[in-house]
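Please open the structure in a viewer and keep the selection panel at hand.

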Amino acid sequence: MSVHVVEHPLVHDALVTLRDARTQPEVFRRMAVRISLLLAAEATRDLPASPVTVQTPLAPAEGRRVSADVVVVPVLRAGLGMLDAILELIPGARVGHIGLQRNESTAVASQYYARFPDNLPSAYVVLVDPMLATGGSAVAALAVLKAAGASNIRIVCIVAAPDGVALVERLHPDVDIYTPVIDKSLNAQKYIVPGLGDFGDRLYGTV
Ligand code: PRP
Ligand code: URA
């Protein structure tokens, strides 16, 4: 597995706004879209493309069109804040959903929903979940995806913690992680520190 730490200044500009406790849901949602677009562009650098020729007003020009069958899988609920950005980049993508909820006292994730398109075994899968904390949700999502036939998977997140990265690395060494940052640690409640708080609550104003 490789962890790709995305250093683009625009990514980090959006990240610092997401981190800022004063940022209200309207701006938080906008920044979530902006950072997701930039991260998704980085995470899909290896997207298969086929050569094509088009006619410009002056002459034929060779180019490439994305030929991969892409499936984007947001982890509910917070991953939904990243979905539209990725569909903006890859409008032809299909979408699967996994519903996972961390228990507030144990931080153990339990699944309440899963629905995927039927092309998973041949698909280029982009799993999106903004927070990779203990990694429990990510490895649960990866296990469900692989049981459904997916094999070509990468994760895009917005803040990662060392524990989450290590767990994914140990259980799913074939999966690449794209993140702008690996924060210092988790607190006693398994929140990422400094992190940005509860992403889903800040996105939807449910604090
Ligand atoms: C958050 C986040 C991840 C998970 C990360 O979701 O979106 O799915 O926690 O934590 P982990 O790495 O320790 O599993 P949460 O369960 O709070 O649900 P929500 O998206 O509905 O807010
Ligand atoms: N989920 C969040 O939303 N934030 C964290 O810091 C950890 C899990």
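A molecule sits in a pocket if more than half of its atoms lie within 2 Å of its grid points. The model is predicted: local features need pLDDT of at least 70, side-chain atom pairs count only at pLDDT 80 or more, and totals for chains, interfaces and linings use all residues. Residues are numbered from 1 along each chain as its sequence is written, ligands are numbered from 1 in the order in which they are written, and side-chain values use heavy atoms, without hydrogens or water.

**The largest pocket**

Select Leu100, Gln101, Arg102, Tyr191 and Asp198: of the 29 residues lining the largest pocket, these lie nearest its centre. The pocket holds about 640 Å³ of space, a volume being the space filled by probe spheres set on the grid points, which are joined across faces, edges and corners. Among the elements that each supply at least two lining residues are β4 (70-76) and α6 (199-204); strands (E, at least two residues) and helices (H or I, at least four) are DSSP runs numbered from the N terminus.

**Ligand 1**

Next, display ligand 1, which sits in the largest pocket. The elements giving two or more residues to its shell are β6, β9 and α4, and β6 gives the most, with 3 residues. Residues count as near if one of their heavy atoms lies within 4 Å; 16 surround ligand 1, the closest being Arg102, Asp129, Thr134, Gly135 and Ser137.

Now show the polar contacts (pairs of N or O atoms within 3.5 Å). Oxygen atoms of ligand 1 lie 2.7 Å from a polar side-chain atom of Arg102, 2.5 Å from one of Asp129 and 2.5 Å from a side-chain N or O atom of Ser137. The protein covers 94% of the 500 Å² of accessible area that ligand 1 has on its own, by the Shrake-Rupley method with a 1.4 Å probe.

**Ligand 2**

Move to ligand 2, whose space is also the largest pocket. Which atoms of Ile192 approach ligand 2? A backbone N or O atom of Ile192 lies 2.8 Å from an oxygen atom of the ligand, and a backbone N or O atom of Phe199 is likewise 2.8 Å from a ligand oxygen. At Gly197, a polar backbone atom is 2.8 Å from a nitrogen atom of ligand 2.

Key: A polar contact is a pair of N or O atoms within 3.5 Å; within protein, one must be able to donate a hydrogen and the other to accept it, and residues adjacent in sequence count only if both atoms are side-chain atoms. On a 1 Å grid over the protein atoms alone, a cavity is a set of points where a 1.4 Å probe fits but cannot get out, and a pocket is an open set with protein on both sides within 12 Å along at least five of seven lines; lining residues have an atom within 4 Å of a point.
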